[in-house]
Amino acid sequence: MSLKIISPKALDEKLQNNEPIFLLDVRAEEKYNDYHITDPNIINRNIPKNIIFDLEKNGEEGLQSLPQNSDIFITCTTGNSARKCAEILSKKDYQVTLLDGGITAWKQYIDTKHKD
């Protein structure tokens with residue numbers, strides 16, 4: 001199964017259209033607390049990547065807050081850890097979409113958008 005990917009621009013368009021977004025940020029808690037994508041249409045969850053990486057060993061504890069039957073948009077700093085997490089979660093039948101380039105790409109997109 002191929003991984004669904006969304007660009008920062010496409011995610012922003014969904015937010016502009018008032019689409020509800022469930023956003024899973026897999027960065028460490030302190031990085032998440034420092035900065036994360038916010039919008040009235042976003043439900044944010046921060047589950048550090050190591051919890052998802054260790055699912056096989058530890059079971060699905062910690063994932064109770066994830067929706068089973070709707071899209072989960074997943075991000076990290078640059079997208080690499082989020083990609084691994086997305087692959088793991090998709091094998092568990094979660095519907096995941098990776099934010100291309102992660103928070104770094106999102107910040108660059110927002111900076112560019114505000115200069116226009």
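**Close-up views of a predicted model**

**Figure 1. Serine 90 and its polar contact.** The side chain of serine 90 comes to 3.0 Å from the backbone oxygen of glutamate 87, in a model that is predicted. Serine 90 belongs to helix H5, which is made up of residues 80-91. With a relative accessible area of 14%, serine 90 counts as buried, because the cut-off for a buried residue is under 20%.

**Figure 2. Leucine 89 and its surroundings.** Leucine 89 is another residue of helix H5, and its relative accessible area of 0% means that leucine 89 is buried. When the neighbours within four places in sequence are left aside, the residues in contact with leucine 89 are Leu24, Ile52, Leu55, Leu63, Leu66, Ile74, Tyr94 and Val96.

**Figure 3. The buried side of helix H1.** Helix H1 runs through residues 8-16, and its buried residues are Pro8, Leu11, Asp12 and Leu15. These residues lie on the same side of H1, because the arc that they cover around the axis is only 100 degrees. Among the elements that cover the buried residues of H1 are the strands S1 (4-6), S2 (21-25), S3 (42-46), S4 (71-75) and S5 (95-99), together with helix H6 (102-115).

Figure 4. Most residues other than glycine have a negative phi. Asparagine 18, which comes just after H1, has a phi near 60 degrees, a positive value in a residue other than glycine. Asparagine 18 is placed in the loop between H1 and S2, and its relative accessibility of 56% means that asparagine 18 counts as exposed. Aspartate 93, in the loop between H5 and S5, also has a positive phi, near 70 degrees, and is likewise a residue other than glycine. The relative accessible area of aspartate 93 is 62%, so this residue is exposed.

**Figure 5. The aromatic pair in helix H6.** A search of the whole structure finds 1 aromatic pair. The pair is formed by tryptophan 106 and tyrosine 109, whose ring centres are 6.2 Å apart and whose planes make an angle of 45 degrees, an arrangement described as tilted. Tryptophan 106 and tyrosine 109 both belong to helix H6, where they are 3 residues apart, or about one turn of the helix. An α-helix has 3.6 residues a turn, so residues three or four places apart point the same way. Both tryptophan 106 and tyrosine 109 are buried.

**Figure 6. The whole chain, for orientation.** The protein chain contains 6 helices and 5 strands, which follow one another from the N terminus in the order β-α-β-α-β-α-α-β-α-β-α. The C-alpha trace spans about 50 × 30 × 25 Å along its principal axes. For 116 residues, a compact globule would have a radius of gyration near 13 Å, and the 14 Å of the protein chain agrees with this. Of the 116 residues, 41% count as buried, and the accessible surface of the chain comes to about 6,800 Å², with 46% of it belonging to carbon and sulfur atoms. Among the contacts between residues at least 6 apart in sequence, 63% join residues at least 24 apart.

Conventions:
Residues are numbered from 1 along each chain as its sequence is written. This is a predicted model: local features need pLDDT of at least 70, side-chain atom pairs count only at pLDDT 80 or more; totals for chains, interfaces and linings use all residues. Side-chain values use heavy atoms; hydrogens and water are left out. Helices (H or I, at least four residues) and strands (E, at least two) are DSSP runs, numbered from the N terminus. Buried means under 20% relative accessible area, exposed over 50%, partly exposed in between (1.4 Å probe, protein chains only). A polar contact is a pair of N or O atoms within 3.5 Å; within protein, one must be able to donate a hydrogen and the other to accept it, and residues adjacent in sequence count only if both atoms are side-chain atoms. The arc is that of the directions from the helix axis to the C-beta atoms. Contact means heavy atoms within 4.5 Å. The radius of gyration is taken over C-alpha atoms; the globule rule is 2.2 Å times the number of residues to the power 0.38. Accessible areas come from the Shrake-Rupley method with a 1.4 Å probe; for residues, only the protein chains shown count as cover. Rings of Phe, Tyr and Trp (its six-membered ring) pair if their centres lie within 6.5 Å; planes under 30 degrees apart count as stacked, over 60 as edge-to-face and the rest as tilted.
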